[in-house]
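Hi there,

Here is the structure I promised to pass on to you. Have a look at it first, and then read on for what turned up when I went through it.

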Amino acid sequence: MQPITLRKALPQDALCLAALGIQVFLDTYATEGIRDAIAQEALESFSPERLSKVIARPGTLITLAEIGDHLIGFAQVAMNSNHERITSPRAGELQRLYLQERFTGQGIGCRLLEAAEQQARLDGASLLWATVWAGNDRALAFYPRQGYEHFGSQPYTFQDETHENQLFGKFL
Ligand SMILES: CC(C)(COP(=O)(O)OP(=O)(O)OC[C@H]1O[C@@H](n2cnc3c(N)ncnc32)[C@H](O)[C@@H]1OP(=O)(O)O)[C@@H](O)C(=O)NCCC(=O)NCCS
């Protein structure tokens, strides 16, 4: 396999980010098949237009993992993103950590997360937090292994559906 390279996202990456985002979102959350809410969320959240705006948004850090000129995963952090249960004044939110299924279990998620943490620290964050769907067993096991503390559960709402999520955080 060619080496994996990490780099910051550029405006022209929106198309591939959108496609990969839909793929990983559905693999992860459409565990019982596709319903309207899931389809709507995937197509709205991961349109190229939406991703172009996310890439350009001040305070958003997107790190890509690539093999050659192919995107295989990305991490997305929003700086200065507060959470009611997080008291740290300079918190960043890990909004997405997405890896194509065929590249999981090889340490790439760990590398992407470390790169995202390093970038957030350089930009002034003292803590990174993330919420994980209670049905995502692999991610629930992944974050504590990367040094994340469990801060409890909380509801998460999308498209009028509410699901239980778990909140994790790590001091950088
Ligand atoms: C959750 C996710 C980011 C984790 O990334 P990952 O690349 O699979 O995780 P890693 O490979 O870094 O670590 C997982 C396992 O691989 C092992 N591993 C690490 N380096 C390795 C290497 N070089 N070779 C083989 N295995 C390795 C780790 O030890 C770990 O093993 P364990 O589960 O037995 O402890 C990824 O599975 C993913 O994107 N999932 C879909 C989307 C998702 O759920 N995102 C999180 C939303 S909150």
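**Around the ligand**

The shell around the ligand is made of 10 nonpolar, 7 polar and 2 charged residues. Before going further, please keep in mind that this is a predicted model. Of the 19 residues around the ligand, the nearest are L99, T104, G107, G109 and C110. Two or more shell residues each are given by α1 (14-29), β4 (91-99), α4 (108-122), β5 (127-133) and α5 (137-145). Which element supplies the largest share of the shell around the ligand? That is α5, with 4 residues.

**The overall fold**

In sequence order they give the pattern β-α-α-α-β-β-β-α-β-α-β-β. The radius of gyration is 15 Å, close to the 16 Å that the globule rule gives for 172 residues, so the protein is as compact as a globular protein of that length. If you are setting up a box of your own, the C-alpha atoms fill one of roughly 40 × 40 × 30 Å along the principal axes.

Two more figures describe the chain as a whole. Of the 172 residues, 28% are buried. Among contacts with a separation of 6 or more, 64% are between residues 24 or more positions apart.

In soluble globular proteins, nonpolar side chains tend to be buried together. Here, the largest nonpolar core has 37 residues, and F74, A75, L94, A116 and W129 have the most contacts inside it. The elements that give two or more residues to this core are α1, α3 (48-56), β2 (60-67), β3 (70-78), β4, α4, β5 and β7 (161-171).

Leaving out residues up to four places away in sequence, F74 touches A9, L17, I62, T63, L64, A65, R96 and Y98.

L112 sits in helix α4, while R50 belongs to helix α3. Is each of them buried or exposed? L112 has 22 other C-beta atoms within 10 Å, and because 20 or more count as buried, L112 is buried. R50 has 16 other C-beta atoms within 10 Å and is partly exposed.

Their contacts are as follows, again without residues up to four places away in sequence. L112 touches L6, T63, A65, G73, A75 and L97. R50 is in contact with E44 and S45. If you were wondering about R50 and E117, these two are 67 residues apart in sequence and 24 Å apart in space, C-alpha to C-alpha.

**Strand pairing and a turn to check**

β7 pairs with two strands that I would like you to look at. β5 and β7 run antiparallel and are joined by 7 bridges; within this pair, V132 has Q166 in β7 as its bridge partner. β6 (149-158) and β7 also run antiparallel, with 9 bridges between them, and here P155 is partnered by E164 in β7.

β6 and β7 form a hairpin with 2 residues between the strands. What is the phi of Q159 in that hairpin? Q159 takes a positive phi near 50°, although Q159 is not a glycine. D160, in the loop between β6 and β7, has a positive phi of about 70° and is not a glycine either.

Q159 is partly exposed, with 13 other C-beta atoms within 10 Å. D160 has 7 other C-beta atoms within 10 Å and is exposed.

Happy browsing, and do write back with any questions.

Best wishes

Terms used: Residues are numbered from 1 along each chain as its sequence is written. This is a predicted model: local features need pLDDT of at least 70, side-chain atom pairs count only at pLDDT 80 or more; totals for chains, interfaces and linings use all residues. The radius of gyration is taken over C-alpha atoms; the globule rule is 2.2 Å times the number of residues to the power 0.38. A residue is buried if 20 or more other C-beta atoms lie within 10 Å of its own, exposed if 12 or fewer, and partly exposed in between; C-beta atoms are placed from the backbone. Two residues are in contact if their C-beta atoms, placed from the backbone, lie within 7 Å. A residue is near a molecule or strand if its C-beta atom, placed from the backbone, lies within 6 Å of it. Ala, Val, Leu, Ile, Met, Phe, Trp, Tyr, Cys and Pro count as nonpolar, Asp, Glu, Lys and Arg as charged, and the others, Gly among them, as polar. A nonpolar core is a set of buried Ala, Val, Leu, Ile, Met, Phe, Trp, Tyr and Cys residues joined through C-beta atoms within 7 Å. Two strands pair if DSSP finds at least two bridges between them.
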